[in-house]
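Please keep the sequence and the structure in view while reading.

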Amino acid sequence: MRRWRDRASPAAAGLPEGGQRRAAGLRREELALLAGISVDYVTRLEQGRATHPSEQVVEALGRALRLSAAEREHLFHLAGLVPPGQGIVPAYITPSVHRMLDRLTGTPVAVSDASWTLLLANPVHTALMGERHGRERNGAWRTFLGAPGRVRHTTRSRQAMETAVVGDLRAAAARYPADLGLRRLIAELRENSDRFAELWDSGAMGRHEASRKTVDHPRVGPVTLDCDVLSVAGSDLRVMVYTAEPGTQDAERLELLAVLGTQELTGH
């Protein structure tokens with residue numbers, strides 16, 4: 001894992017490169033930040049003191065290190081795990097998708113899997129929406145059980161979003177019948193959200209449409225952006241992209257958010 005970390009480029013991962021760097025590639029704290037785990041755990045893994053990482057941790061490390069499909073499979077075997085197979089929601093982000101995100105440094109972009117679990121968000125997206133941890137990383141859970149977020153919703157837009165999310169989970173459950181995590185998510189939502197249970201049991205289906213969203217940001221104020229959800233052929237990834245109309249106050253505030261995002265990363 002140390003060799004893969006040394007190979008990884010901080011700039012390619014959307015991290016600032018300034019200052020004195022002893023590491024050839026990613027620092028341990030940078031890898032921990034990108035993978036969503038503690039620096040201590042990264043250290044123990046590299047030193048062989050943590051020998052049984054979970055499948056979720058291994059998958060997150062593979063994404064953060066930008067491993068190829070063969071390298072990812074090898075990492076699972078090193079951890080004593082069987083790589084996820086058919087019937088499981090895929091969470092692998094291809095190098096081509098990583099390269100696409102590298103070219104959108106000033107644009108908020110987030111990549112989610114078929115169950116709307118956040119896999120990767122660039123710094124400006126994190127600056128726009130805030131950091132998300134644990135259950136909050138799943139968009140379906142946030143929609144029905146989470147606290148209100150920064151995005152404004154009308155009654156109509158919220159109903160459309162709820163219906164689309166339920167339709168996505170229904171389709172994912174049909175495509176990935178062996179995914180226990182997805183089944184547990186659906187069971188939790190049905191048990192704890194009357195609205196989800198109503199939509200699920202009624203067979204409601206919807207789809208995500210291009211839309212304009214206003215985000216109430218605590219530091220720069222309201223930012224109205226166009227939101228597009230793109231699908232990646234062959235991988236079932238969803239790429240959510242936010243853009244502002246050029247020359248507007250929203251574009252200026254988005255540029256400011258890009259600066260704030262870089263500053264916050266440097267502060268880590």
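In which hand does α9 pass α10, left-handed or right-handed? The crossing of α9 with α10 is left-handed. This and every other value here comes from a predicted model.

**Confidence**

The average pLDDT of the chain is 86, and 91% of the residues score at least 70. Among the elements of the chain, helix α8 (residues 139–145) has the highest mean pLDDT, 97, while helix α12 (residues 249–267) has the lowest, 78. Where pLDDT is low, predicted coordinates should not be read in detail.

| Helix pair | Crossing angle | Axis distance |
|---|---|---|
| α4 (residues 55–64) and α5 (residues 69–78) | about 145 degrees | 10 Å |
| α9 (residues 155–175) and α10 (residues 180–192) | roughly 145 degrees | within 10 Å |

On the α9 side, the contact with α10 is made by L169, A172 and A173, and these meet L182, L185, I186 and L189 in α10. The residues of this contact divide into 7 nonpolar, no polar and no charged.

The crossing of α4 with α5 is right-handed. Here E55, V58, E59, L61 and G62 in α4 meet R72, L75 and F76 in α5. The residues of this contact divide into 4 nonpolar, 1 polar and 3 charged.

**Surroundings of α4**

Helix α4 is mostly covered, with 8 of its 10 residues buried. The buried residues are V57, V58, E59, A60, L61, G62, R63 and A64. They pack against α5, and also against α2 (28–35), α3 (39–46), α6 and β2 (118–121). Just after α4, R66 has a positive phi of about 55 degrees.

R63 and R66 return in the contacts of H98, a residue of helix α6 (residues 95–102). Leaving aside neighbours within four places in sequence, H98 is in contact with R63, R66, I93 and L120. Is H98 buried or exposed? H98 has a relative accessibility of 4%, so this histidine counts as buried, the cut-off being under 20%.

**An aromatic cluster**

The structure holds 2 aromatic pairs.

F196 and W200 both lie in helix α11, 4 residues apart, which is about one turn of the helix. An α-helix has 3.6 residues a turn, so residues three or four places apart point the same way.

How buried are these two residues? F196 has a relative accessible area of 0%, and W200 has one of 16%. Buried means under 20%, so W200 counts as buried as well. Together, F144, F196 and W200 form one aromatic cluster.

Key:
Residues are numbered from 1 along each chain as its sequence is written. This is a predicted model: local features need pLDDT of at least 70, side-chain atom pairs count only at pLDDT 80 or more; totals for chains, interfaces and linings use all residues. Side-chain values use heavy atoms; hydrogens and water are left out. Axes are lines fitted to C-alpha atoms, for helices over the stretch in contact, and angles run from 0 to 180 degrees between N-to-C directions. Helices (H or I, at least four residues) and strands (E, at least two) are DSSP runs, numbered from the N terminus. A crossing is left-handed if the near helix is turned anticlockwise from the far one by less than a right angle, and right-handed if clockwise. Contact means heavy atoms within 4.5 Å. Ala, Val, Leu, Ile, Met, Phe, Trp, Tyr, Cys and Pro count as nonpolar, Asp, Glu, Lys and Arg as charged, and the others, Gly among them, as polar. pLDDT is the predictor's confidence in each residue, from 0 to 100. Rings of Phe, Tyr and Trp (its six-membered ring) pair if their centres lie within 6.5 Å; planes under 30 degrees apart count as stacked, over 60 as edge-to-face and the rest as tilted. Buried means under 20% relative accessible area, exposed over 50%, partly exposed in between (1.4 Å probe, protein chains only).
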